[in-house]
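Please consult the sequence and the model shown here while reading.

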Amino acid sequence: MGTWNSRGLRGSDLEELINLTIEHYRTSGLALIQKVPTPITPIEIDKSTRHITLAYFDQKSTVDYLGVVQGIPVCFDAKECASDTFPLANLHAHQVAFMTEFEKQEGIAFLLIAFTNRREYYYMPYREMMEFWERMERGGRKSFTIAELDPRYFLDAGQGLSLPILEGLQMDLDERDGF
């Protein structure tokens, strides 16, 4: 039996939940979304197992997921937060820049945030993310609280087998279209 490495599994619950969800969407013909691999350069490799034991990140990655939902290009990043306050330091300037460019190309960018202390999931539309980001850039708070979020965008994970990401996306699209 292998050894569990808690440092190596950070964020894996959220990632696993998202991966189950996007696989369900793919097999149902609803969406094609893929996890974007993080580019690394190996430094040390265990020759007996051929496993990478030490590596560094080649470049800043963009977002965690890219895909298309019935003709609509989407990109999103998944973040976890263990308290009711989300530090904007968890979001990086290069990610915000990528999402901004993606939006300019008429794609839909968003965040999926897991508030692990509450076991709640939040679909954060790009425009809401930018309100908090710009507030920080103007010298305001470097975080936002769960109380500041739009309650309509909390996703009901039900039995915990998938996240209704497309429900959040539909609300986002409806608001963009002025419904």
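## Basis and overall fold

This is a predicted model, in which local features need pLDDT of at least 70 and side-chain atom pairs count only at pLDDT 80 or more, while totals for chains, interfaces and linings use all residues. Residues are numbered from 1 along each chain as its sequence is written, and side-chain values use heavy atoms, with hydrogens and water left out.

The chain has four helices and 10 strands. Here helices (H or I, at least four residues) and strands (E, at least two) are DSSP runs, numbered from the N terminus. Their order from the N terminus on is α-β-β-β-β-β-β-α-β-β-α-β-β-α. Of the 179 residues in the chain, 36% are buried; buried means under 20% relative accessible area, exposed over 50%, and partly exposed in between (1.4 Å probe, protein chains only). Among contacts (heavy atoms within 4.5 Å) between residues at least 6 apart in sequence, 60% join residues at least 24 apart.

## Helix H3 and its packing

Helix H3 covers residues 126-137, 12 residues in number. From its first C-alpha to its last it reaches 16 Å, close to the 16 Å expected at 1.5 Å a residue; the expected span is 1.5 Å times one less than the number of residues. The buried residues of H3 are Tyr126, Glu128, Met129, Met130, Phe132, Trp133 and Met136. After H3 comes glycine 139, which has a positive phi near 100°.

Two packed helices are described by the angle between their axes and the distance between the axes. H2 and H3 pack at an angle of about 140°, with their axes 11 Å apart. H2 is therefore oblique to H3. Axes are lines fitted to C-alpha atoms, for helices over the stretch in contact, and angles run from 0 to 180 degrees between N-to-C directions. Angles under 35 degrees count as roughly parallel, over 145 as roughly antiparallel, 65 to 115 as roughly perpendicular and the rest as oblique. On the H2 side the contact is made by Ala93, Val96, Met99, Thr100 and Glu103, and on the H3 side by Tyr126, Met129, Met130 and Trp133.

## The nonpolar core

A nonpolar core is a set of buried Ala, Val, Leu, Ile, Met, Phe, Trp, Tyr and Cys residues joined through side-chain atoms within 4.5 Å. The largest such core has 49 residues, of which Ile18, Met124, Met129 and Leu163 touch the most other members. Two or more residues of this core come from each of helix H1 (12-27), strand E4 (65-69), strand E5 (72-81), H2, E7, E8, H3 and H4. E7 gives the most, with eight residues.

Not counting residues up to four places away in sequence, leucine 163 touches Leu14, Leu17, Ile18, Thr21, Tyr25, Tyr121, Leu155 and Ala157. Threonine 21 is found in helix H1 and, at 0% relative accessibility, counts as buried. With the same exclusion of sequence neighbours, threonine 21 touches Ser162, Leu163 and Ile165.

## Residues in loops

Leucine 88 lies in the loop between strand E6 (85-87) and H2 and is buried, with a relative accessible area of 2%. Beyond four places in sequence, leucine 88 touches Phe132, Trp133, Met136, Arg141, Lys142, Ser143 and Phe144. Aspartate 64, in the loop between strand E3 (51-57) and E4, is buried at a relative accessible area of 17%. With residues up to four places away left out, aspartate 64 touches Gln34, Lys35, Val36, Phe76, Asp77 and Ala78.

The table gives C-alpha separations for these two residues.

| Residue pair | Separation along the chain | C-alpha separation |
|---|---|---|
| Leucine 88 and serine 143 | 55 residues | 5.0 Å |
| Aspartate 64 and alanine 78 | 14 residues | 6.5 Å |

Most residues other than glycine have a negative phi. Glutamine 70, however, has a positive phi near 45°. Glutamine 70 is placed in the loop between E4 and E5 and is exposed, with a relative accessible area of 62%. Arginine 119 has a positive phi of about 55° although it is not a glycine. Arginine 119 is found in the loop between E7 and E8 and counts as exposed at 74% relative accessibility.
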